[in-house]
Amino acid sequence: MHSKIWTDMFVLALPVAEKILRPIVVYLFLVMGLRLAGKRELAQLNPFDLVVLLTLSNTVQNAIIGDDNSVTGGIVGAATLLLVNYLVVRFLFRHEKLDRLVEGEPTVLIEHGKILEDMLTKEVLSLQELEAAAHKQGFGDLGEVDHATLDPSGTICFTAKKPAPEEERHQELMGRLDQLTRELATLRMRIAPPAS
């Protein structure tokens with residue numbers, strides 16, 4: 001009885017080469033699938049996207065482990081996934097053009113304060129999702145945003161509008177005028193004759 005437990009736990013039901021090849025194939029498929037699915041799948045999740053990502057791991061589980069439920073098989077599969085990911089990340093780090101091809105380029109969503117509707121449509125992002133992301137980053141509304149990009153990681157980065165030079169000059173003059181008013185009030189209080 002004890003030998004059956006140890007055999008079920010640690011003896012591989014599949015050849016080691018197959019246990020290594022299965023996770024590699026699934027890894028490559030998922031990388032390509034997520035790349036084709038778009039950037040929003042990676043970070044800007046709605047409930048439907050979340051369900052897909054949660055069930056994806058369960059869906060490909062059998063493809064990775066095959067008919068083998070042994071601990072050793074699981075360790076070989078997991079180690080293969082970790083090693084492949086380590087090698088891919090290191091390789092792409094050294095090959096910038098290939099990295100851009102695999103990960104993609106950032107997508108400009110707002111340029112000079114103008115919302116690019118066609119880019120939102122391309123990335124399957126609604127205006128409400130864009131506003132929600134802006135609110136999370138401290139913007140009251142999209143009118144405060146000068147530039148927004150959807151990075152390959154799925155993160156939306158916002159840049160605030162900078163005040164125009166005339167507006168900056170106006171604010172500076174108003175500040176100086178307030179300071180002069182305070183100084184004048186102080187001088188008047190010093191010069192004013194005491195009330196008798």
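Two strands pair if DSSP finds at least two bridges between them. Helices (H or I, at least four residues) and strands (E, at least two) are themselves DSSP runs, numbered from the N terminus. Before using those terms, a word on the source. What you see is a predicted model, in which local features need pLDDT of at least 70 and side-chain atom pairs count only at pLDDT 80 or more, while totals for chains, interfaces and linings use all residues. Residues are numbered from 1 along each chain as its sequence is written, and side-chain values use heavy atoms, with hydrogens and water left out.

I will start with the sheet. Four strands make an open sheet, in the order β2-β1-β3-β4, and their pairing is antiparallel. At the edges stand β2 (114-115) and β4, each with a single partner strand, so one side of each has no neighbour in the sheet.

Strand β1, residues 107-111, pairs with strand β3, residues 145-150, in the antiparallel sense over four bridges. In that pairing, E111 is opposite H147 of β3. On to the next pair: β3 and strand β4, residues 156-160, are antiparallel as well, over five bridges. Here V145 is set opposite A160 in β4, and T149 opposite C157 in β4.

What do β3 and β4 form, and how many residues are between them? They form a hairpin with five residues between the two strands, and in the turn G154 has a positive phi of about 100 degrees.

Let me stay with T149 for a moment, a residue of strand β3. Is T149 buried or exposed? T149 is buried, because its relative accessible area is 14%; buried means under 20%, exposed over 50%, and partly exposed in between, with a 1.4 Å probe and protein chains only. Not counting residues up to four places away in sequence, T149 touches P106, T107, V108, L109, T155, I156 and C157. Contact here means heavy atoms within 4.5 Å.

A nonpolar core is a set of buried Ala, Val, Leu, Ile, Met, Phe, Trp, Tyr and Cys residues joined through side-chain atoms within 4.5 Å. The largest one has 14 residues, and those with the most contacts inside it are L109, L130, L142, V145, I156 and F158. At least two residues of this core come from each of β1, α7 (127-136), β3 and β4. Leaving aside neighbours within four places in sequence, the contacts of L109 include I115, M119, L130, T149 and I156.

Next, the charged side chains. In general, side chains of opposite charge can pair when their charged atoms come close. A salt bridge is counted when a side-chain nitrogen of Lys or Arg is within 4 Å of a carboxyl oxygen of Asp or Glu. How many salt bridges does a search of the whole structure find? The search finds four.

One of them joins E18 and R22, with the closest N and O atoms 2.8 Å apart. The two residues are about one helical turn from each other, because they are four residues apart in helix α2, residues 16-37. E18 counts as partly exposed at 27% relative accessibility, and so does R22 at 25%.

Another salt bridge links R100 to E96, where the closest N and O atoms are 3.1 Å apart. Both lie in helix α5, residues 96-103, again four residues apart, about one turn of the helix. R100 is partly exposed at 33%, whereas E96 is exposed at 54%. R100 also bridges to E105, at 3.2 Å between the closest N and O atoms, and E105 is partly exposed at 43%. Through shared partners, these salt bridges join E96, R100 and E105 into one network.

Last, the surface. Patches are made of residues with over 30% relative accessible area and no salt bridge; like charges are joined within 9 Å, and nonpolar side chains (Val, Leu, Ile, Met, Phe, Trp, Tyr) within 5 Å. Accessible areas come from the Shrake-Rupley method with a 1.4 Å probe, and for residues only the protein chains shown count as cover.

Which residues form a nonpolar patch on the surface? They are I5, W6, M9, F10, V71 and I75, with about 560 Å² of accessible area together. The elements giving two or more residues to the patch are α1 (2-10) and α4 (71-94), and α1 supplies the largest share, four residues. W6, in helix α1, is exposed, with a relative accessible area of 52%.
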